[in-house]
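Take a look at the protein below. This report starts with a sheet and then moves on to single residues and the whole chain.

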Amino acid sequence: MTEETPGFEEKPDVPSGASSDDAEPKAAAAPSEEEAAAPAGDVQQTAALTAQLDQVRTALNERTGDLQRLQAEYQNYRRRVERDRVTVKEVAAAGLLTELLPVLDDVGRAREHGELVGGFKSVAESLETIVAKLGLQQFGKEGEPFDPTIHEALMHSYAPDVTETTCVAILQPGYRIGERTIRPARVAVAEPQPGAAPAAAKEEKADDEESGGTEEV
């Protein structure tokens, strides 16, 4: 029996020609230069794509803004053209109808005197229908308040039964096309008599006197 030497530890057999370092686990190999450069390249590529995307978005916003401005300009242009077209049409119609107003006045006088009969009546009614289709409107009625923007006063008088300047007679009717007055109504007007109490005030005073007379003392 052999005796073991104290403090001596057995070591694993090491093949000949191999150092002790080969027996230990090898440390992980350090990454190569290509592997280290790969993540940096991905970041740069992502940044470049993001920059391109921002440029595309900016260009798209600019083109969208240009399109919206162009559309707004086109809509304004269409409105101007339509407004001008209506104005030109009204001016042309007003010019034509102004020339026909004396004829319409003759028709009106003939109707008042009962002379609008026979073939003349048919022609007159056809003429009135045509001018109405062109937008001609007659205005001016007895009893309406006098408006200097649409009435032309040819005669003036005082009357006890009016409380304001009133058209008491239509000497010649007025005509308009839409909001455009092509001839004011020529009228005779009456004003309240100077110093006379308005009719409404007289009625109110009379009512007060009647109510006061019937009051019990």
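**The sheet**

This is a predicted model. Three strands make up an open sheet, and their order is β2-β6-β3. The pairing in this sheet is mixed.

Which strands sit at the edges? They are β2, residues 151-159, and β3, residues 166-172. Each of these edge strands pairs on one side only. On average, neighbouring strands of the sheet are turned by 25 degrees against each other, with direction ignored.

Now look at one pair. Strand β6 covers residues 185-192. β2 and β6 pair in the parallel sense, over eight bridges. Find Ser157, and you will see Ala190 of β6 standing opposite.

Next, pick out Leu136 and Tyr74. Leu136 belongs to strand β1, residues 136-139. Tyr74 belongs to helix α2, residues 33-112.

| Residue | Relative accessible area | Class |
|---|---|---|
| Leu136 | 9% | buried |
| Tyr74 | 47% | partly exposed |

Why does Leu136 count as buried? Its relative accessibility is 9%, and buried means under 20%. Tyr74 has a relative accessible area of 47%. Tyr74 is therefore partly exposed, because that class lies between buried, under 20%, and exposed, over 50%.

What surrounds Leu136? Leaving out residues up to four places away in sequence, Leu136 touches Leu97, Leu101, Leu104, Val131, Tyr175, Arg176, Ile177 and Ile182. Ala94 gives another view of this residue. Leu136 and Ala94 are 42 residues apart in sequence. In space, their C-alpha atoms are 8.4 Å apart.

Tyr74 has a place on the surface. Together with Tyr77 and Val81, Tyr74 forms a nonpolar patch there. The accessible area of these three residues together is about 310 Å².

**The whole chain**

How many helices and strands does the protein have? There are four helices and six strands. Along the sequence, they follow the pattern α-α-α-β-β-β-β-β-β-α.

The protein has 217 residues, and 14% of them count as buried. Its accessible surface is about 17,400 Å². Carbon and sulfur atoms hold 54% of that surface.

Methods:
Residues are numbered from 1 along each chain as its sequence is written. This is a predicted model: local features need pLDDT of at least 70, side-chain atom pairs count only at pLDDT 80 or more; totals for chains, interfaces and linings use all residues. Side-chain values use heavy atoms; hydrogens and water are left out. Two strands pair if DSSP finds at least two bridges between them. Helices (H or I, at least four residues) and strands (E, at least two) are DSSP runs, numbered from the N terminus. Axes are lines fitted to C-alpha atoms, for helices over the stretch in contact, and angles run from 0 to 180 degrees between N-to-C directions. Buried means under 20% relative accessible area, exposed over 50%, partly exposed in between (1.4 Å probe, protein chains only). Contact means heavy atoms within 4.5 Å. Patches are made of residues with over 30% relative accessible area and no salt bridge: like charges are joined within 9 Å, nonpolar side chains (Val, Leu, Ile, Met, Phe, Trp, Tyr) within 5 Å. Accessible areas come from the Shrake-Rupley method with a 1.4 Å probe; for residues, only the protein chains shown count as cover. A salt bridge is a side-chain nitrogen of Lys or Arg within 4 Å of a carboxyl oxygen of Asp or Glu.
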